[in-house]
Amino acid sequence: MRFAIMLCCLFFVSVPVAHAASASGSDVVSKPKMSVSDLMRWQRTLTQFTKHYDDTLVRIRRGSDQLDFDIRSMRHYYARSEYYMPFSKGILDEMTEYAYIVDTSNDREEVNESLLRYKELVWAHLINLDVLTFAITMSRIDARYGDEILFKDVERALLKDILYENVKCEKPKLACRIVSYGEETYILGRVGGTLKQSKIYEVNGLYYNVHDLIKDGKEIQVYIDVTVPIVNVMKRQAVQDSSADVSIHPQ
């Protein structure tokens, strides 16, 4: 099983990052100026939506009879919660460390603690597509890492919400909206073709990552609405740069 875990981890390390251009966008993105009242208002929003996320997660873990609706709601809540991280690498690195301890340690207490921490990360970031994909793989390797059937059901509902039927993302009004950057990679993979370049544009406070691709010998454009991750990162950076005493989870 140890080899399988390491193989799984190496897979995520080697996955190509199709959204690299989205991560910066420094040519069009500027940090907002937030007053103390703005920061405190945002903190209240984080607290409120974290509770919504947690409450919905309880229903899902108990066996929701409206899973598609609950996953759609959780995706909205996650982006406004204290848990939210648009990038997955740090989370996956931490999950990998805990999984390694679970797989190699002879200290039962250490194993149980690491397994607990691993599962806390899974539940906190269940709507982060990269985290969910990793959790599915690990649960398939060892049932201690979670319920594969539940994770697969969540994945089905999540992918359905990310890329609904017949969507093409071919113009700004039809742009595919993402919550985490793993979703952007998934969308581009489904569209197919060879990526030529990507560039971020800001239009009336919304941010679009426009990807130029060659598919079937033709040039096409794919519009991804990256407003949620970009604005969230900007606000968190504004908080970090502020002297206001506002408690948030760091990126």
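Because the model is predicted, local features are reported only at pLDDT of at least 70 and side-chain atom pairs only at pLDDT 80 or more, whereas totals for chains, interfaces and linings use all residues. Residues are numbered from 1 along each chain as its sequence is written, and side-chain values rest on heavy atoms, with hydrogens and water left out.

The protein contains 10 helices and 4 strands, where helices (H or I, at least four residues) and strands (E, at least two) are DSSP runs numbered from the N terminus. Along the sequence these elements follow the order α-α-α-α-α-α-α-α-β-α-β-β-β-α. Of the 251 residues in the protein, 45% are buried, a term that denotes under 20% relative accessible area, with exposed meaning over 50% and partly exposed lying in between (1.4 Å probe, protein chains only). The accessible surface amounts to about 13,700 Å², and carbon and sulfur atoms account for 52% of this surface; accessible areas come from the Shrake-Rupley method with a 1.4 Å probe, and for residues only the protein chains shown count as cover. Among contacts (heavy atoms within 4.5 Å) between residues at least 6 apart in sequence, 65% join residues at least 24 apart.

Two packed helices are described by the angle between their axes and the distance between the axes. The axes are lines fitted to C-alpha atoms, for helices over the stretch in contact, and the angles run from 0 to 180 degrees between N-to-C directions. Angles under 35 degrees count as roughly parallel, over 145 as roughly antiparallel, 65 to 115 as roughly perpendicular and the rest as oblique. The axes of helix H7 (residues 129-141) and helix H8 (residues 148-162) come within 9 Å and cross at roughly 155°, which means that H7 is roughly antiparallel to H8.

Arg61, in helix H3 (residues 36-62), is partly exposed at 48% relative accessibility. When its neighbours within four places in sequence are left aside, Arg61 is in contact with Trp123 and Leu150. Arg61 and Asp147 are 86 residues apart in sequence, and their C-alpha atoms are 9.7 Å apart in space.

A search of the whole structure finds 1 disulfide, defined as a pair of cysteine sulfur atoms within 2.5 Å. This disulfide is formed by Cys169 and Cys176, with their sulfur atoms 1.8 Å apart, and the link is left-handed, with -55° about the S-S bond. Cys169 is buried at 1% relative accessibility, and Cys176 is buried with a relative accessible area of 3%.

Positive phi values occur in two loops between strands. Asn204, in the loop between strand E2 (194-203) and strand E3 (206-215), has a positive phi of about 55° although it is not a glycine, and Asn204 is exposed at 77% relative accessibility. Asp216, in the loop between E3 and strand E4 (218-225), is not a glycine either, yet has a positive phi of about 55°; Asp216 is exposed at 73% relative accessibility.
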